Amino acid sequence: AGERLALVHRRQVRRNARLLDLLLALKARLDEAGIPFLLIKGFAVSVRFAGGLDRRPVWDQGILIRPP
C-alpha cells in the first residue's frame with residue numbers, strides 16, 4: 001500500500017508541476033497585457049492552507065480577472 005501511495009504522490013507532483021508551468025505562462029501573458037488577476041483556488045489553496053504545492057492534488061485553477 002505504501003508503494004502505491006508513493007507512486008500516486010509522484011504522479012500528482014509531476015502533474016502539479018505541469019500545471020504550474022502553464023499558470024506561469026498565463027501569468028506572463030497577463031502581466032504583459034497589464035491585466036491583474038487573483039488566484040482563488042488550486043495552487044493558492046495548496047500553498048496557503050496545505051503547506052505546499054506537493055501537499056494536495058490540484059486539478060484546475062480558479063482565476064479572478066477584473067472586467068474592463
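Asp60 pairs up with Lys41 in a salt bridge, with 3.0 Å between the closest N and O atoms. The pair ties together distant parts of the chain, 19 residues apart: Asp60 sits in the loop between α2 (43-50) and β2 (63-65), and Lys41 in the loop between β1 and α2. A salt bridge here is a side-chain nitrogen of Lys or Arg within 4 Å of a carboxyl oxygen of Asp or Glu. The model is a predicted one, so local features need pLDDT of at least 70 and side-chain atom pairs count only at pLDDT 80 or more, while totals for chains, interfaces and linings use all residues. Residues are numbered from 1 along each chain as its sequence is written, and side-chain values use heavy atoms, with hydrogens and water left out.

The classes run as follows: buried is under 20% relative accessible area, exposed is over 50%, and partly exposed is in between (1.4 Å probe, protein chains only).

The salt-bridge rule gives a count of two. Lys27 and Asp31 also form a salt bridge through their side chains, at 2.4 Å from N to O. Both residues belong to helix α1 and stand four residues apart, about one turn of the helix. Helices (H or I, at least four residues) and strands (E, at least two) are DSSP runs, numbered from the N terminus. Lys27 is partly exposed at 36%, and so is Asp31 at 42%.

Helix α1 (residues 2-32) also holds Arg4. Arg4 counts as exposed because its relative accessibility is 52%.

Over in strand β1 (residues 37-39) lies Leu38, partly exposed with 48% relative accessible area. Leaving aside residues up to four places away in sequence, Leu38 touches Gly62, Ile63 and Leu64, where contact means heavy atoms within 4.5 Å. Leu38 and Ile65 are 27 residues apart in sequence, yet their C-alpha atoms are 6.7 Å apart in space.
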